[in-house]
Amino acid sequence: MAEFELSDIITVGVVGLGSMGSGIAYHSLTQGFPVIANEADDKALASGKGRVEKLLDKLGQVKAQDYPGDRIAELKSSVQYTTDFAAFAPQTDEFDTAALVIEAVYENLAVKTDIFRKLDQLTHPDTILASNTSSLPITELAKVTGRPDKVIGMHFFNPVYRMKLVEIVMGEQTSQETLEKVRDVCTRLDKETVVVKRDLPGFLVNRMLGVYMNEAMRALVEGKASPHEIDEMLGPKSFGFPMGPFTLGDYVGLDVAGIVARILGDSYGERMEPHPFLAEFLQLGQFGEKTVVNGEGVGLYIHTKSRTADNRLPLNPELVAILDRYRANSTLPTAPTSEGPDASVERFIYPVVNEAFWCLQDEMASPGDIDKSMKIGIAFRLLSDRKGPLEYANGEGIRKIYDTLSAWEQQFGPRYGPCDLLKEYATSGKTVQV
Ligand code: 3HC
């Protein structure tokens, strides 16, 4: 074991260089942290390195004055790319040893626990082991290590260079000291944080985002509106997201969205059970902007320069074919509950408000952090009045939201059922102190 103490986080380790891992590595570099970057094999490492360097080259273009060519070259040379976990072992000098390693591989608990086991064996005993998981339990990852107090969630958002939020997720045994160190490093990464006090699936943002995406998907399959109409109803010129739900799905990757949806459905049951249409569409392997076919990204939309007659992105014809089949054949599975209300801002946003109250009821975080997570993590109403879901509920009327959800619960089923805390606020006439 090296003789020095790891007093400060100077070098950041990143395991997995997909879109999130490469984004985290890139952002860490720009904020002054040298990076040790790991991938499973040479091919994945080369692709990951390509992603990091593409981001650096873009930085050199968009901020040419601050980042001239020699500065970009210097940042490129501040990464040690490796397929060998031994690179995370203590080196002879503190400055070469990562005091924080962030795992950002795909959402598979077995793969992640294997990585945490190896990191635990190889890294300095004071190294903090963080996961960028969006929905898997930090406590399970901590269990395979001999340092559960130093295992924590650091959930970044896509694109990492732009979205300011990191959800810091406390496992059952994560120590206050680890929380403080990670909060400090987030400040040095120029990120804002919320603390997720309970390690429940989906944490804050993906829980609220999950019900919203699910409701959008269900309204689409029910034929209540087209993807364009739903995206426009919720987008920058209307409700106020920078992107509507289907554009966002194609942007973050439908494969990622599908895995999160499955985890949420398994964890929370009926109110988050994804429509079976999603699993069928995912079998096509067309995950959005990152699935490039003949130079064009293919997901729910075809990401091409050409536009339809009404000046919109063309829909993927395979999507249209599956939707036609679902809509024509009522014997196809539409469980657990069949239909919902007409497409409207209320249909997509009231369930988000309900989930925000569920998060509060589950004591996941403070009201301020619940709202902040949505405002900064997915830019909830960023382009309109900048309110989070709880502040929005105060303005909209908690009683009105409760009554609407209760009526939908009667008419369409338990998916819309308001939680006890929402009922309590509605019946007492209180507003939430955010
Ligand atoms: N480094 C630094 N800055 C860069 C850059 C780089 N490599 N590349 C581009 N930029 C800058 C641009 O110069 C521009 O800066 P400016 O606004 O000061 O001029 C800015 O970044 C954005 O430029 P773009 O042209 O790329 O982007 P748009 O203005 O079209 O916005 C968007 C794109 C940021 C993606 C916006 O549409 C958005 O905010 N969408 C919502 C994204 C979102 O909700 N993300 C969260 C998803 S959920 C998630 O991640 C959780 C997971 O678990 C699933």
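Predicted model: local features only at pLDDT ≥ 70, side-chain atom pairs only at ≥ 80, totals over all residues.
User: Why is Gln433 called exposed?

Analyst: Exposed means over 50% relative accessible area, buried means under 20%, and partly exposed is what lies in between, using a 1.4 Å probe and protein chains only. Gln433 has a relative accessible area of 66%, so Gln433 is exposed. This residue, Gln433, lies in the segment after α17 (420-428).

User: Where is Arg386, and what is its phi?

Analyst: Arg386 lies in the loop between α14 (367-377) and α15 (389-396); helices here are DSSP runs of H or I with at least four residues, strands are runs of E with at least two, and both are numbered from the N terminus. Phi of Arg386 is positive, about 60 degrees, although Arg386 is not a glycine. Most residues other than glycine have a negative phi.

User: Is Arg386 buried or exposed, and what makes it so?

Analyst: Its relative accessibility is 53%, so Arg386 counts as exposed.

User: What about Phe203: is this residue buried or exposed?

Analyst: Phe203 has a relative accessible area of 0%, and is therefore buried. Phe203 also has a positive phi, near 50 degrees, without being a glycine. Its place is in the loop between β8 (192-196) and α7.

User: What kind of peptide bond joins Asn158 and Pro159, and how do you know?

Analyst: The bond between Asn158 and Pro159 is cis, with omega at about 0 degrees. Pro159 is found in the loop between β6 (151-156) and β7 (165-170).

User: Why is Thr113 called buried?

Analyst: The relative accessible area of Thr113 is 13%, so Thr113 is buried. Thr113 is found in helix α4 (residues 109-122). Contact means heavy atoms within 4.5 Å. Leaving aside neighbours within four places in sequence, Thr113 is in contact with Glu140, Leu141 and Val144.

User: How do you know that Leu220 counts as buried?

Analyst: Leu220 is at 1% relative accessibility and therefore counts as buried. Leu220 is found in helix α7. Leaving aside neighbours within four places in sequence, its contacts include Ile230, Phe246 and Leu323. The C-alpha atoms of Leu220 and Ile230, ten residues apart along the chain, are separated by 8.2 Å.

User: What makes a set of residues a nonpolar core, and how many residues has the largest one?

Analyst: A nonpolar core is a set of buried Ala, Val, Leu, Ile, Met, Phe, Trp, Tyr and Cys residues joined through side-chain atoms within 4.5 Å. The largest such core has 93 residues, and those with the most contacts inside it include Leu204, Tyr212 and Phe357. Helix α7 (residues 205-221) gives the most to this core, with eleven residues. Domain 1 (6-196) and domain 2 (217-225 + 242-329) each supply at least three residues to this core; these domain bounds come from an automatic or database domain assignment.

User: How far apart are the C-alpha centres of domain 1 and domain 2?

Analyst: The C-alpha centres of the two domains lie 30 Å apart. Six residues of domain 1 are in contact with five residues of domain 2.

User: Why are α13 and α16 called roughly perpendicular?

Analyst: Axes are lines fitted to C-alpha atoms, for helices over the stretch in contact, and angles run from 0 to 180 degrees between N-to-C directions. Angles under 35 degrees count as roughly parallel, over 145 as roughly antiparallel, 65 to 115 as roughly perpendicular and the rest as oblique. The axes of α13 (residues 345-361) and α16 (residues 398-412) come within 10 Å and cross at roughly 105 degrees. Therefore α13 and α16 are roughly perpendicular to each other. Among the residues making the contact are Tyr350 and Phe357 of α13 and Leu405 and Trp408 of α16.

User: At what angle do α13 and α17 pack?

Analyst: These two helices pack at about 105 degrees, with their axes 7 Å apart. That makes α13 roughly perpendicular to α17. The contact is made by residues including Leu360 of α13 and Tyr425 of α17.

Definitions and conventions: Residues numbered from 1 in each chain as written. Heavy atoms only, no water.
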